Amino acid sequence: MATRAKPSSRGRPSAEPEDGDPGAVKIATFNVNGVNGRLPLLLRWLEEATPDIVCLQELKAPQGKFPLGAIEAAGYRAVWHGQSRWNGVAILSRGSEPIETRRGLPGDDAESDSRYIEAAVKGVLIGCLYLPNGNPAPGPKFERKLDWFRRFTEHAATLLASGAPVILAGDYNTMPTDLDVHRPERWTDDALFRPEVREAFEGLTGQGWTDAVRALHPGERLYTFWDYLRTAWERDAGLRLDHLLLSPNLSGRLAAAEIDRHVRGWDHASDHAPVWISLTGEASSR
DNA sequence: ATGGCTATGAGACATAGA
């Protein structure tokens, strides 16, 4: 391992919730950057972390090439929305069947990328998203990102109005604040950090959603992504792009929120690390 | 630093990622 990498400093292997709450639920999001190429690492992490619910992004696999057999052998059922070569999202549930409630956003058409899937899992509604990157900005790709963000925000409002307990988890391709960027002054014109995108994120959370990781780590510099280029991992030159947003009726159950940084240091890693939260069981509300 | 790396599917490279 290179000199300054600190994969275990904040990133000890994720543990079960330590409060002895039998109803606790652990929910994770992980941009795997290729679910088949990453399968051994994904299975290793699932066995170590034992999340109850997992949102995956960037499957980079068509619908028929999702590795369902290996996922089921690891104890998970799954729904997924594949696409050849790029994008692709999935929701995994340990020991129970996710009940798919939607694939794609309102306003998508037959040509749209596979970037959203939604399912009822273990008493919560899970929206799993992969928001467009948007670079280069400005330009048509950036406009498509903003349009996707706008339609997603409209859908999020509909979900809130339903009164259901909802978690919107995935790769938002958005650094919400300066604390989420290694060198913010270098990113001001980038599609991941431009004011329009940060404002879109603020508009979304302004509906009442809780950015779970930030809520439990205020003021802390946090990253979930480290580029393969320029020894970004070894220099800890990262970005926080992967977020779990909680509806107001879930925020009181938030018990832990962590980034499994050490997974980024494993051989053949994704450029993203898994991010997870745990919710207390409903019976043990505090 | 329009540089560097990694993934996919097609086809002996192109394209996207962030």
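Let's begin with an open sheet of six strands, which run in the order β3-β4-β2-β1-β14-β13 with mixed pairing; two strands count as paired if DSSP finds at least two bridges between them. The edges belong to β3 (76–81) and β13 (254–259), each with a single partner strand, so one side of each has no neighbour in the sheet. From one strand to the next, the twist averages 15 degrees, taken between axes that are lines fitted to C-alpha atoms, with angles running from 0 to 180 degrees between N-to-C directions. This is a predicted model, in which local features need pLDDT of at least 70 and side-chain atom pairs count only at pLDDT 80 or more, while totals for chains, interfaces and linings use all residues. Residues are numbered from 1 along each chain as its sequence is written, and chains are lettered from A and ligands numbered from 1 in the order in which they are written.

Arg77, for instance, has Ser93 in β4 as its bridge partner. Helices (H or I, at least four residues) and strands (E, at least two) are DSSP runs, numbered from the N terminus.

Now to helix α1 (residues 39–49), where Leu42, Trp45, Leu46 and Ala49 are buried. Buried means that 20 or more other C-beta atoms, placed from the backbone, lie within 10 Å of a residue's own; exposed means 12 or fewer, and partly exposed is in between. Seen down the axis of α1, the buried residues fall within an arc of 100 degrees, so they line one face of the helix; the arc is that of the directions from the helix axis to the C-beta atoms. The face turned away carries the exposed Pro40 and Glu47. Among the elements covering the buried residues of α1 are β1 (25–31) and β14 (275–279), with contact meaning C-beta atoms within 7 Å.

Helix α4 (residues 195–205) has Val197, Ala200, Phe201 and Leu204 as its buried residues. These cover an arc of only 95 degrees around the axis, which puts them on the same side of α4. Pro195 and Glu202 are exposed on the other side, and the buried residues pack against α3 (140–162).

Conventions:
Two residues are in contact if their C-beta atoms, placed from the backbone, lie within 7 Å.
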